[in-house]
Structure formats: C-alpha cells, structure tokens
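Here is a short briefing on one protein chain. Keep the sequence and the 3D view open as you read.

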Amino acid sequence: MGSNTQEPPVEPVHDEAAIKSHIEQLTAAQLPNSAIYNFLLSDVRIVSASKGSMTARLTLTRNHINSGGGIHGAVSAAIVDWAGGMAIATWDLRRRTGVSVDIHVTYLSSAVEGDEIEITSTADKVGGSLAFTRIVISKVIDGKAGPVIANGSHTKYAKQR
C-alpha cells in the first residue's frame, strides 16, 4: 500500500557566495534611495555573508565623527538599523527586510576618523511576522576585529507580502 504522507517542503540552499552577492546588490540598491544610508555607508564593504549573518567593514571619515572626535552615537545606531536588515536579508534572500519595531544600542568604547570598523550582524530568528537581530560594531586592529565599540539589537516587523 502507498503512503499518504507528504514530504516536507525543501528550502532552497544558497551558498555563501550567492548570499554575499545578494547583500552587495541589496546594499547598492538601497543606498541611492536612502539619504542617511548613502551619506554614512557609501564606502561600506561586505566581507562575508551566510544564512543568518553578515560581516562588513567601513573606514570612518569625518562624516562619522562627533564633536569630541569619536564615532557619533547616531552613526552607530544607523549601522545597527542597516546591519539588522542585512542579516534578515541573508535568511532567505529577501529584498524587503521590514520596518523597525525597536532598536537598542549599548555604547562601550569609541573609534576615530581613519579607523576601520567591523560590523557583524546575526539574525537570531526570522519568523512569520517578526525578526530579531544582534549587531556588534568593533574596531579593527591588525586586520582583525578588536575592541567592541557598540552592541545592538534590532527587531523588525518582517512579514512578507
């Protein structure tokens, strides 16, 4: 007798090169349509991406610095906003990452003009309606992520239409 059980749907498998390419294309498409992202992230470089995570680097310019000479808190918050969306996009190669429900940023140290920072974002869960992400912004020392500048969390309403 035949079985009436159905096989579960198989999720498409995307290799890391395809995910990284998707994030690069999505970033390139977003920047011209967002004045703040274009102003702050025009030189961001995607280092790696896999399902649920993305790593990028950015060299800080005068545009990123506050009156005290360190990375501006609003810049860190904007990075958390952008990077959270990119982590969600790695999940299933979506182009729309939703709208922010909340963003939290904890400032731990600083960086100055000319410093390179590393941005690591992770999608902890991408559900039917909400997505939860974590972001770490670190100062790059000798080519590697060093002291943490800021930790962030970003929740988005990410229901797909």
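A nonpolar core is a set of buried Ala, Val, Leu, Ile, Met, Phe, Trp, Tyr and Cys residues joined through side-chain atoms within 4.5 Å. Buried here means under 20% relative accessible area. The model is predicted. Its largest nonpolar core has 31 residues.

**Overall layout**

- The protein chain has three helices and six strands.
- Along the sequence, these elements follow the pattern α-α-β-β-α-β-β-β-β.
- The C-alpha atoms fill a box of roughly 75 × 30 × 30 Å, taken along the principal axes.
- The protein chain has 161 residues, and 39% of them are buried.
- Take the contacts between residues at least 6 apart in sequence: 66% of these join residues at least 24 apart.

**The sheet**

- Strands of a sheet pair through backbone hydrogen bonds, either parallel or antiparallel.
- Strand β5 (residues 130-141) and strand β6 (residues 144-157) run antiparallel and are joined by eleven bridges.
- Threonine 133 stands opposite histidine 154, a residue of β6.

**Helices on the sheet**

- From first C-alpha to last, the 20 residues of α3 reach 30 Å. That is close to the 28 Å expected at 1.5 Å a residue.
- Is α3 largely enclosed or largely open? Of its 20 residues, 14 are buried, so α3 is largely enclosed by the rest of the structure.
- Just after α3 comes leucine 93, with a positive phi of about 60 degrees.

**Nonpolar cores**

- In soluble globular proteins, nonpolar side chains tend to be buried together.
- Within the largest core of this model, the residues with the most contacts are Leu41, Met54, Ile79, Trp82, Ile117, Ile119 and Ile137.
- At least two residues of this core come from each of α1, α2 (35-41), β1, β2, α3, β4, β5 and β6.
- Which element gives the most to this core? Helix α3 does, with eight residues.
- Isoleucine 79 touches Leu41, Leu58, Ile117, Ile119 and Ile137, leaving aside residues up to four places away in sequence.
- Another core, of six residues, lies apart from the largest one. Its members include Ala87, Ile88, Ala131 and Ala158.

**Salt bridges**

- How many salt bridges does the structure hold? There are seven.
- Lysine 20 and glutamate 24 meet through their side chains at 3.0 Å, N to O. They sit four residues apart in helix α1, so about one helical turn separates them. Lysine 20 is partly exposed, at 25% relative accessible area. Glutamate 24 is partly exposed too, at 34%.
- Arginine 94 and aspartate 92 form a salt bridge at 2.8 Å, N to O. Is arginine 94 buried or exposed? Its relative accessible area is 8%, so arginine 94 is buried. Aspartate 92 counts as partly exposed, at 36%.
- Aspartate 124 and arginine 134 form a salt bridge at 2.8 Å, N to O. Aspartate 124 lies in strand β4 and arginine 134 in strand β5, so the pair ties together parts that are ten residues apart in sequence. Aspartate 124 is partly exposed, at 42%. Arginine 134 is partly exposed, at 45%.
- Arg45, Arg57, Glu116 and Glu118 are linked in a network of salt bridges.

Conventions:
Residues numbered from 1 in each chain as written. Predicted model: local features only at pLDDT ≥ 70, side-chain atom pairs only at ≥ 80, totals over all residues. Heavy atoms only, no water. Pairing = 2+ DSSP bridges. Expected span 1.5 Å × (residues − 1). Buried < 20%, exposed > 50% of the residue type's maximum accessible area, 1.4 Å probe, protein only. Salt bridge = Lys/Arg side-chain N within 4 Å of Asp/Glu carboxyl O. Contact = heavy atoms within 4.5 Å.
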